[in-house]
Amino acid sequence: MCEWVEESDPDGSTLKTKKYDGKLYTSIIPGNIKDHLERLDTMDVRDDDIFIMSYPKSGTHWVFTIASMLRSGKSTYIGSPHFLDYNDVDVLDKLPSPRLFASHMTFDRLPRQAREGKGKVFVVSRNPKDVAVSLYIFFTKLNAPDFTGTWEGFLRFYTKGTMLYGSWFDTLFDWEKIKASSSQDNIMYLVYEDMKEDLLSNVTKMASFLEVSYDKAFLEEVTDRCTFKIMVKTIMDEIKPQDQEYIHKMSDEKKLPIYRKGEVGDWKNHFTVAQSEAFDKIYEEQMRNAKCKFRFV
Ligand code: A3P
């Protein structure tokens, strides 16, 4: 059964999550989680569906925006993705094609048909120090965040692995296992830092993974429109009604709290030397056998 987990630490930081079947979820998933996951499992997947999977703050909205442009052949911004995690399956079922979903859950929680190869799945990962900073600052902008408290308190929960969606490391290892064991060719793995380094080549690879063919000029246009500066400006200029609603519901901010700095290495402005060294130790230890290595600058 699903249970509420509330933790607090001596400096007054608090974290609330929902736990089901050994995994931690965000508290905004409605109901007992079990029923929702069961319905997701049997949800009908369409051939042109796209799923963007990530640990929070890894560039989900970025990949979503690129994928939506490549799917539609138009370099226009279409708003935010529908999350599998907390949208009713009846709502997801009725969305017109092509559908683009996002989720912070792992492979085992994708609809069965997607796990069996239907639709296309992008998995995006980002170095865990920048993820931590991005997630912490995101919480400070929300009206009813799952975490409240200090950066230090946040980091304690985060390194312990009790943050919503659990440990960054476990999420990465789950996907690495799928990558190593599955013969599925409907999953493409992306790394945030690689996208920052060379967006055009990632956009080009994403297009061929989606089996869509465009001339170089269109791929360059998508790349250009999805660089942080242009993408964020466009999003604010052409804000969609569902995003406006989302902002009002979640935050008092005037702009979408998702988009902040979009950089590699901003962690240096937040981690103290001691925090960084302690985290590096955990990283070295945990990542000993990992295939994917991350750049932190
Ligand atoms: P920062 O808070 O470090 O700026 P998600 O979509 O998974 O919630 O991830 C949000 C993070 O991705 C934020 O990181 C956000 O600024 C960054 N991001 C969004 N669009 C981006 C883009 N076009 N280029 C680079 N980073 C982007």
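Biologist: Is Gly31 buried or exposed?
Modeller: Keep in mind that this is a predicted model. Gly31 is found in the loop between strand 3 (23-26) and helix 1 (34-41). Its relative accessible area is 55%, and the label for anything over 50% is exposed. So Gly31 counts as exposed.

Biologist: How many Å apart in space are Gly31 and Gly12?
Modeller: Along the sequence, Gly31 and Gly12 are 19 residues apart. Going from C-alpha to C-alpha, the separation in space is 28 Å.

Biologist: And Ser103, buried or exposed?
Modeller: Ser103 is found in strand 6 (residues 100-103). A polar atom of the Ser103 side chain lies 2.9 Å from the backbone nitrogen of Met105. With a relative accessible area of 0%, Ser103 is buried.

Biologist: Let's turn to the rings. How do the rings of Trp151 and Phe271 pair up?
Modeller: A search of the whole structure turns up 29 aromatic pairs. In the pair of Trp151 and Phe271, the ring centres are 5.1 Å apart and the planes meet at 75°. Planes over 60 degrees apart get their own label, so this pair is edge-to-face.

Biologist: How many residues apart in sequence are the parts that this pair ties together?
Modeller: Trp151 lies in helix 6 (residues 151-160), while Phe271 lies in the loop between helix 12 (241-250) and helix 13 (273-286). Trp151 is buried, at a relative accessible area of 12%, and Phe271 is buried too, at 8%. The pair therefore ties together parts whose separation in sequence is 120 residues.

Biologist: What kind of aromatic pair do Phe154 and Tyr158 form?
Modeller: Phe154 and Tyr158 are four residues apart in helix 6, so about one helical turn separates them. Both are buried. Their rings are 5.6 Å apart, centre to centre, with 20° between the planes, and that makes the pair stacked.

Biologist: Which ring does the charged end of Lys57 sit over?
Modeller: There are a couple of lysines to look at here. Lys129 lies over the face of Phe296, at 5.5 Å from the ring centre. The charged end of Lys57 sits 3.6 Å from the centre of its ring, and that ring belongs to Phe138.

Biologist: Which helix gives the most residues to the shell around the ligand?
Modeller: The elements that give two or more residues are helix 2 (60-72), helix 8 (192-197) and helix 11 (228-237). The one that gives the most, with three residues, is helix 2.

Biologist: Last one: how many residues around the ligand are charged?
Modeller: There are 19 residues around the ligand, and Thr60, His61, Ser134, Tyr192 and Lys261 come nearest. By class, the shell has seven nonpolar and seven polar residues, and the charged ones number five.

Note on methods. Residues numbered from 1 in each chain as written. Predicted model: local features only at pLDDT ≥ 70, side-chain atom pairs only at ≥ 80, totals over all residues. Heavy atoms only, no water. Phe/Tyr/Trp six-rings, centres within 6.5 Å; stacked < 30°, edge-to-face > 60°. Buried < 20%, exposed > 50% of the residue type's maximum accessible area, 1.4 Å probe, protein only. Lys NZ or Arg CZ within 6 Å of the ring centre and 35° of its normal. Near = heavy atom within 4 Å. Nonpolar A, V, L, I, M, F, W, Y, C, P; charged D, E, K, R; others polar. Polar contact = N/O pair within 3.5 Å; in protein donor to acceptor, adjacent residues only side chain to side chain.
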